[in-house]
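Thanks for coming, everyone. I would like to walk you through one structure this morning, and I will ask you to keep the display in view while I talk.

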Amino acid sequence: MSFVSATPETLVPLVSQYRWQEELQRAIRNPEELLEYLQLPMELLPQAEKAAADFPLRVPMPFVDKMQRGNPNDPLLRQVLPLAAELQVVEGYDVDPLEELDANPLKGLIHKYKSRVLLTMASACAVNCRYCFRRHFPYGDNNPSADEWRQVVDYIAADDSINEVIFSGGDPLLSPDRTLSRLVQELEAVEHLQRLRIHTRLPVVIPQRVDDELLQWLRSTRFQTVMVLHINHSAEIDTTLAARVADLKASGVTVLNQSVLLRGVNDSVDTLVELSEALFAAGILPYYLHVLDKTAGTAHFDCSETEARRLFAGMQMRLSGFLVPKLVREIPERASKTLIF
Ligand SMILES: *Cc1c(COP(=O)(O)O)cnc(C)c1O
Ligand code: SF4
């Protein structure tokens, strides 16, 4: 890839010549390569390699290129760089904090909340976020076959209280468009379904994922479509992403964002206000701000609920009401996310 130098610490890629599948292929998976590319101290390597043995490093180049070189505290780097802190056992941080394995009546289907079901389309993601509860999810175990997808569609067809299907994962947009559009067509035959929602981080880490093929089936579905992106810091938003969001919106997609409150990434009022403003400037509405699920290996990212409330109050003081995301926690057994006041 060719670069133009913007400032001494950042390099701005020219229009990418890679298709999204190629970007996936060339994503960085080796801690040494990441540290070298970002000109970071090699002292970080032994712990990165150790923590990556538990949950591998995986980060696509378009996301890496939004990081500041030479800065070990870069808020985007912190989301993906394996650290020794992950290996510490901290009481109260468990392997399956959401008890999702219990709400799994069929392979690929999670029906925890009334009126909507979540389909786990792919068990992997394009990026491995260190704070994610999926670091312990049984990768590869939950990939339904064509026949099992038919059972999922039958389950939805048999329950007319369901009006929305959520494609989740892993990252559903790792699936080829041909697979996605075929499933959407089957779902369209279920009359009581009105909406299709897609929870994805792919447009943020590989903007080329929003290509003509994806836009084409999004435009042609009878469903109202919603895409919920996952952006935690304003530095993840650039003109390339904004252009892809504009394409989505031109194809009739409502674009929302959910963030996770993360210590060392976005735990200040200034950072959160800047995030909401940058989201809206890029055509995205803030939806949720989640407090961290207490997953083993993520305690160093946690902010107390008291701190979360303080930050939320600070946002409310400075932002238009529609730019304040809902502050929520997920509590197992509850019939919805739980608002924190
Ligand atoms: C978050 C979540 C949903 C969607 O919840 P909304 O509040 O509608 O965004 C659905 N199913 C599961 C299992 C979830 O965790
Ligand atoms: S599910 Fe979301 S938060 Fe978790 S690793 Fe994938 S992209 Fe990151």
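Predicted model: local features only at pLDDT ≥ 70, side-chain atom pairs only at ≥ 80, totals over all residues.

Y131 pairs with F301 in an edge-to-face arrangement, with 5.8 Å from centre to centre and 85 degrees between the planes. This pair links distant parts of the chain, since Y131 belongs to the loop between β4 (116–120) and α6 (146–157), while F301 belongs to the loop between β9 (285–290) and α12 (305–318), 170 residues apart. Are Y131 and F301 buried or exposed? Both of them are buried.

Another of the pairs is formed by Y287 and Y288, and here the rings are stacked, at 4.0 Å centre to centre and with 25 degrees between the planes; Y287 and Y288 are both buried as well.

Rings also meet charges in this model: the charged end of R69 sits over the ring of Y37, 4.4 Å from the ring centre, and the charged end of R209 sits over the ring of W20, with 4.1 Å to the centre.

Let me turn to the backbone, where some loop residues deserve a careful look. Q39, although not a glycine, has a positive phi of about 55 degrees, and its place is in the loop between α2 (31–37) and α3 (45–54). Q39 counts as exposed because its relative accessibility is 52%, the cut-off being over 50%. E333, also a residue other than glycine, has a positive phi near 80 degrees and lies in the loop between β10 (326–329) and β11 (338–339); at 74% relative accessibility, E333 is likewise counted as exposed.

Which peptide bond is cis? The bond from G169 to G170 is, with omega near 5 degrees, and G170 is found in the loop between β5 and α7 (177–188).

Finally, D160 is placed in the loop between α6 and β5 (164–168) and is exposed, with a relative accessible area of 65%. The C-alpha atoms of D160 and L193 are 8.1 Å apart, although 33 residues separate the two along the chain.

Definitions and conventions. Residues numbered from 1 in each chain as written. Chains lettered and ligands numbered in written order. Heavy atoms only, no water. Phe/Tyr/Trp six-rings, centres within 6.5 Å; stacked < 30°, edge-to-face > 60°. Helix = DSSP H or I, 4+ residues; strand = E, 2+ residues; numbered from the N terminus. Buried < 20%, exposed > 50% of the residue type's maximum accessible area, 1.4 Å probe, protein only. Lys NZ or Arg CZ within 6 Å of the ring centre and 35° of its normal.
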